2 protein chains.
Amino acid sequence: MKVVLYMAITANSMIAKEDDDTSFVSDAEWDSFTKVLKQAGNYVMGRRTYEESVNADVFPYDCLNVVMTKQKIKNKWGDRVIFTDKSPREVLNLLKEKGFATAFIGGGGELNASFMRDGLIDEIFIDVEPWVYGKGIPLFAPTDFEVRLELLDTKKLSDQTIQLHYRVKK
Amino acid sequence: MKVVLYMAITANSMIAKEDDDTSFVSDAEWDSFTKVLKQAGNYVMGRRTYEESVNADVFPYDCLNVVMTKQKIKNKWGDRVIFTDKSPREVLNLLKEKGFATAFIGGGGELNASFMRDGLIDEIFIDVEPWVYGKGIPLFAPTDFEVRLELLDTKKLSDQTIQLHYRVKK
């Protein structure tokens, strides 16, 4: 199973403002994001990303939604949503057992960093939007890791949004 | 006079490790950086960038070197180097008075942020290298600003290094 991290970022690698606002994300990026998500058939996210998605009225996504949290959250969404306190590795095993070919990891910064720190990410897609935020939530919460990538591809999602696609060297 | 910010970054927008190590920078990036620097004829940097440049034996650069610092540093380099405690705006006025068409701003994160916060940057070049650092020095030190950019151009500096060229919308 391939594990893919997919995120929209500002040009200085913020995934949101400090208050979780992601209004910098363009329609072209959103279209690409939801398309890749649907292909994967699953979306692994953290608790804050879940709450923001509910607030933005885009939850649950059109796939299996796995929300990683230590909190006890009542599942009012049915079979398409799993709340779990499992570790990153255990969550991937769960998806593997369910027969997914790709695991889709998509925020926030804490969750992204935990998968990277444990060496679990195979590929990274970053969609760079034309903004810089002096403060915000970075792509990876500060964590001890240092990883070399291989640039596989670059693609314009629009005249203003560029996608960088990397393989993580292991 | 046009004010250009030019930096090499990791894919998550770090300009160095916490200990100022910039070994992620490729030869292709360095060639581009020094070429643009020479064309501008000047390089405005902070004290840590100055010290790292001295340590790396690349200081002074082949242009006018303006080192912004509150510290009193003895100038043993001669006319090509200016140590100054002036503000960002005053430094730009100084370069304008000297007849430069372009001011070249290039690190570190504190200095970059101070020019951005004051609305002084016209264009940004970021050369994205295939690395991610879980910890490090970000492109901009955390500062209150939020700026929209316009993507002017993208260019491969090598098969692994991509340059994004932005105009700052004002």
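**View 1. A:Phe33 and A:Tyr6 in a predicted model.** A:Phe33 is buried, at a relative accessible area of 7%, where buried means under 20% (1.4 Å probe, protein chains only). A:Tyr6 is also buried, at 0%. Over all chains the structure holds 32 aromatic pairs, that is, rings of Phe, Tyr and Trp (its six-membered ring) with centres within 6.5 Å. In the pair of A:Tyr6 and A:Phe33, the centres are 5.5 Å apart and the planes lie at 70 degrees, so the pair is edge-to-face (planes over 60 degrees apart). This pair links distant parts of the chain: A:Tyr6 belongs to strand β1 (residues 2-10) of chain A and A:Phe33 to helix α1 (residues 27-40), 27 residues apart. Helices (H or I, at least four residues) and strands (E, at least two) are DSSP runs, numbered from the N terminus.

The model is predicted: local features need pLDDT of at least 70 and side-chain atom pairs pLDDT 80 or more, while totals for chains, interfaces and linings use all residues. Residues are numbered from 1 along each chain as its sequence is written, chains are lettered from A and ligands numbered from 1 in the order written, and side-chain values use heavy atoms, without hydrogens and water.

View 2. A:Phe140 is buried at 3% relative accessibility, and A:Phe145 is buried at 10%. 

**View 3. Helix α4 of chain A.** In α4(A) (residues 109-117), seven of the nine residues are buried, among them A:Leu111, A:Phe115 and A:Met116. A:Gly119, with a positive phi near 70 degrees, follows the helix.

Conventions: Buried means under 20% relative accessible area, exposed over 50%, partly exposed in between (1.4 Å probe, protein chains only). Rings of Phe, Tyr and Trp (its six-membered ring) pair if their centres lie within 6.5 Å; planes under 30 degrees apart count as stacked, over 60 as edge-to-face and the rest as tilted.
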